[in-house]
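Trainee: I would like to learn how to read the features of a structure one at a time, with the general idea before the particular case. Could we begin with charged side chains?

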Amino acid sequence: MFKFYYSFPIQLLLLHFRKYQVLLIFWAILYSTIFGGFAKVFGGDALYLAPEYLGDVSFYSTTMLGMATAAFTMSWHITTFILHTGRFKFLATTSQPFFKYCLNNSIIPFGFVFCLLLRLAQYQAFQELNSVPGILLLMEGFVCGYLIIIFFCFFYFFNADKNIGRRLEKKFGNPRNFLRTVLKPSQEPDENALPVHNYFTSPWRIRRARNVKHYNKHYLDNIFKQHHFAAMITVGCALVLLVILSYLMDYAAFRLPAGASVMIFFAFLIGVAGAYAYLLQSWAIPMALVLLFALNWMVKNDWVDSRNKAYGMNYRNKDARPEYSVPHLQRFFTEERSEADKQHTLAILEKWRAQFPADEKPKLIVVNTSGGGTRSALWTLCVLQRLDSLLQFGFSKRTTVITGASGGMMGVTYYRELYLRHLQNQPVDPRDTIWRAKISGDLLNAVFGSLSVNDFITPFRQFRIGDNKYGRDRGYAFEMQFNINTGDALAKTIGDYAQPERDAIIPMLIWNATINADGRRLMISPQPISYLCAADYLYPNRNVRDIDGVDFSQFFHAQNPMQLRVSSAIRMCATFPYVLPNVFLPSKPIVDVMDAGIRDNFGQETTLRYLYTFREWINDNTSGIIFVQIRDTRKNDVHPVKAHKDLSDLLFEPLFSMQTHWSAMQDFHQDHLINYMEGYFEKDRFQRIIFQYVPQSDDKAAALSLHLTSREKLDIGRALDNPANQSAFQLLLQTVK
């Protein structure tokens with residue numbers, strides 16, 4: 001037991017937990033991620049268990065992940081070698097001290113590799129439905145990539161050992177001087193030294209650690225300094241590699257799997273953290289505070305500007321930016337403007353009505369779709385395809401307006417474009433299941449890959465659209481990958497849809513976002529819709545309008561709003577905190593927007609105001625309303641109340657209660673509003689129909705993520721046939737007919 005406790009591997013393991021615990025955070029994140037803890041809601045485990053390269057999970061993608069994992073492992077070894085070897089002087093008397101250090105320091109890295117391979121096999125078998133030979137091939141790729149980097153690094157340090165020996169020989173001269181210096185006892189006690197009884201000299205051989213008290217301390221330190229220099233070169237190489245990758249990310253062949261990019265980024269970070277702690281010692285924390293305050297000052301004074309922008313908009317003319325304040329909003333969104341916009345939309349509704357027989361009042365359909373990442377995008381597309389298949393495109397033809405949030409708007413925007421192409425006699429059938437594979441394509445790799453490379457390493461890189469410059473960050477990566485997945489079907493501007501909407505060929509589509517400054521709703525549409533920006537009180541008792549929304553195209557009329565990219569409108573609607581960057585708008589002062597789901601995850605409030613505004617026309621010209629809600633969660637899915645609460649519940653429940661029940665609270669509130677709305681229409685002329693994704697098994701529900709596994713995609717498709725949704729389809733068919 002004594003020998004085991006004082007063995008080098010155990011002493012190193014304990015030392016990591018006693019000193020520089022910050023370096024263990026990286027391993028904690030990685031272990032937690034692959035076991036479904038950290039970033040589970042974003043599908044973080046898929047980065048490592050289903051790494052994609054050129055759109056496929058293959059031998060090459062896992063090889064790259066293995067190489068990146070080995071690079072991070074070596075960075076861990078190098079950094080801790082620099083920080084800790086002063087406590088283990090016996091290493092300086094061995095041949096290839098760095099190799100022996102790595103061998104004895106491999107408990108944590110080898111444990112991670114073993115767990116990763118085990119979880120990869122499980123994930124591929126049960127989530128990706130891969131075969132045994134396919135799984136073995138992926139594991140083989142990872143192991144090959146890992147070993148390639150390990151062997152290369154040790155070859156480098158083996159040569160470094162030879163060079164260090166030559167430099168020491170030149171420094172100390174002939175062998176007699178060399179021995180005299182080496183064996184000269186040091187007068188300084190080494191207070192940092194830790195006792196070590198034995199260590200591994202190879203994976204299958206253990207040797208007793210040599211007593212080095214008779215060695216000169218300065219000589220031993222000099223050996224370590226030579227190794228530290230060689231190690232720092234390796235950290236510099238990681239930085240160079242990240243910079244190169246950031247400049248080549250526009251080329252598909254150089255887009256590494258996101259898990260590999262994150263590993264390389266971690267390798268760089270852990271190297272920098274180690275060098276920082278080693279060089280500054282006790283000054284590390286004060287200097288970190290100084291750097292933090294300096295960075296804050298530079299951001300505050302616009303010396304560093306990493307703010308994301310809406311692609312296509314003009315940010316150059318600062319004098320033309322609209323004032324964002326309550327008085328200006330009230331002056332801008334007047335009743336006169338609202339009335340003019342109502343007449344504009346009424347003209348669209350009249351054109352929509354003209355498509356049906358004059359003596360037959362049609363049903364008017366409005367659609368809401370919920371947020372929920374790629375899960376909601378695919379579910380929304382599946383539902384719309386089934387509805388148009390049952391009604392021979394009668395569903396889309398009867399729909400006048402569509403709103404929603406986040407992922408649902410990704411799916412509905414894509415489907416509307418396919419429907420428009422079908423109407424233009426292009427060889428496109430929106431009901432074809434091929435489009436499901438495109439809308440459910442992976443976006444997570446592009447976002448996290450850019451986060452680890454572009455956002456942190458080269459945040460200054462830009463691209464142009466006309467005369468405007470924008471940053472190449474994870475927002476750009478998201479839009480680029482989304483357009484690649486969908487075959488550039490949505491590589492358009494919102495202005496491209498203005499005329500088809502105006503002619504009532506396709507439904508009006510309103511993308512919503514939430515303005516962080518005050519919680520107002522930003523409504524993006526190529527049509528003027530300021531009548532949705534304020535409550536239209538039946539009996540006004542205030543002298544000012546209570547503006548709770550902003551009509552994007554009118555408020556930013558001087559910033560080329562019609563040139564806004566459709567992909568940017570989708571991203572503004574789907575900006576989940578931290579996963580995607582907040583979009584900053586050219587106003588005075590500048591405001592930023594986030595996910596529409598913060599204000600309304602179902603888009604119902606916008607739709608209800610639309611129905612209230614045109615209630616008289618709807619009653620006179622239609623046979624009723626079909627209010628369709630497409631949601632990727634169960635309605636009123638309230639978490640069960642705990643029978644017994646522990647200490648953590650008492651401490652943290654008040655802080656996170658709102659977040660936990662956010663969706664349910666919106667349901668309760670919006671059901672209340674819909675109840676009032678029913679009073680404005682005749683009996684049986686307001687029909688609400690809900691389609692909801694209900695997984696076959698609660699523990700296998702698709703993740704709210706930008707990545708879906710093969711099993712999750714199948715589960716979403718099968719949800720169309722569950723009894724509740726089948727009843728909803730039948731009810732809609734009966735109501736329309």
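Mentor: A salt bridge here is a side-chain nitrogen of Lys or Arg within 4 Å of a carboxyl oxygen of Asp or Glu. In this predicted model, the side chains of Arg-609 and Asp-548 meet in such a bridge, at 2.8 Å from N to O. The pair links distant parts of the chain, with Arg-609 in helix H25 (residues 604-613) and Asp-548 in the loop between E9 and E10, 61 residues apart. Helices (H or I, at least four residues) and strands (E, at least two) are DSSP runs, numbered from the N terminus.

Trainee: Which residues are joined with Arg-609 and Asp-548 into one network?

Mentor: Salt bridges that share partners join Arg-521, Asp-548, Arg-599, Glu-605 and Arg-609.

Trainee: How many salt bridges does the count come to, and is Glu-417 buried or exposed?

Mentor: The count comes to 16 salt bridges. One of them pairs Glu-417 with Lys-492, with the closest N and O atoms 3.1 Å apart. Glu-417 lies in helix H17 (residues 406-423) and Lys-492 in the loop between helix H20 (474-485) and helix H21 (498-502), so the bridge ties together parts that are 75 residues apart in sequence. For burial, the scale is relative accessible area: buried means under 20%, exposed over 50%, and partly exposed in between, with a 1.4 Å probe and protein chains only. Glu-417, at 2% relative accessibility, therefore counts as buried, whereas Arg-599 is partly exposed at 24%.

Trainee: What share of the chain counts as buried?

Mentor: Of the 737 residues of the chain, 54% count as buried. Cys-102, at 2% relative accessibility, is among the buried residues, and Cys-573 is buried with a relative accessible area of 0%.

Trainee: How should I read an aromatic pair?

Mentor: A pair of aromatic rings is described by the distance of the centres and the angle of the planes. Rings of Phe, Tyr and Trp (its six-membered ring) pair if their centres lie within 6.5 Å, and planes under 30 degrees apart count as stacked, over 60 as edge-to-face and the rest as tilted. A search of the whole structure finds 33 aromatic pairs. The rings of Tyr-324 and Phe-555 have their centres 6.3 Å apart and their planes at 85°, so this pair is edge-to-face. Tyr-324 is in the loop between strand E3 (308-309) and helix H13 (326-332), and Phe-555 is in helix H22 (residues 552-555), 231 residues apart. Both Tyr-324 and Phe-555 are buried. The rings of Phe-332 and Phe-555 also form an edge-to-face pair, because their centres are 5.5 Å apart and their planes stand at 85°. Phe-332 belongs to helix H13, and 223 residues separate it from Phe-555.

Trainee: Which residues form one aromatic cluster?

Mentor: The cluster is formed by Phe-26, Trp-27, Tyr-31, Phe-72, Trp-76, Phe-112 and Phe-266.

Trainee: And how should I read the backbone angles?

Mentor: Most residues other than glycine have a negative phi, and most peptide bonds are trans. Here, the peptide bond from Lys-588 to Pro-589 is cis, with omega near -10°, and Pro-589 lies in the loop between strand E11 (583-585) and strand E12 (591-594). Leu-129 has a positive phi, near 55°, and its place is in the loop between helix H7 (107-126) and helix H8 (132-172). Ala-504 has a positive phi of about 60° and is found in the loop between H21 and strand E8 (508-515). Leu-129 is partly exposed, with a relative accessible area of 41%, whereas Ala-504 is buried at 8%.

Conventions: Residues numbered from 1 in each chain as written. Predicted model: local features only at pLDDT ≥ 70, side-chain atom pairs only at ≥ 80, totals over all residues. Heavy atoms only, no water.
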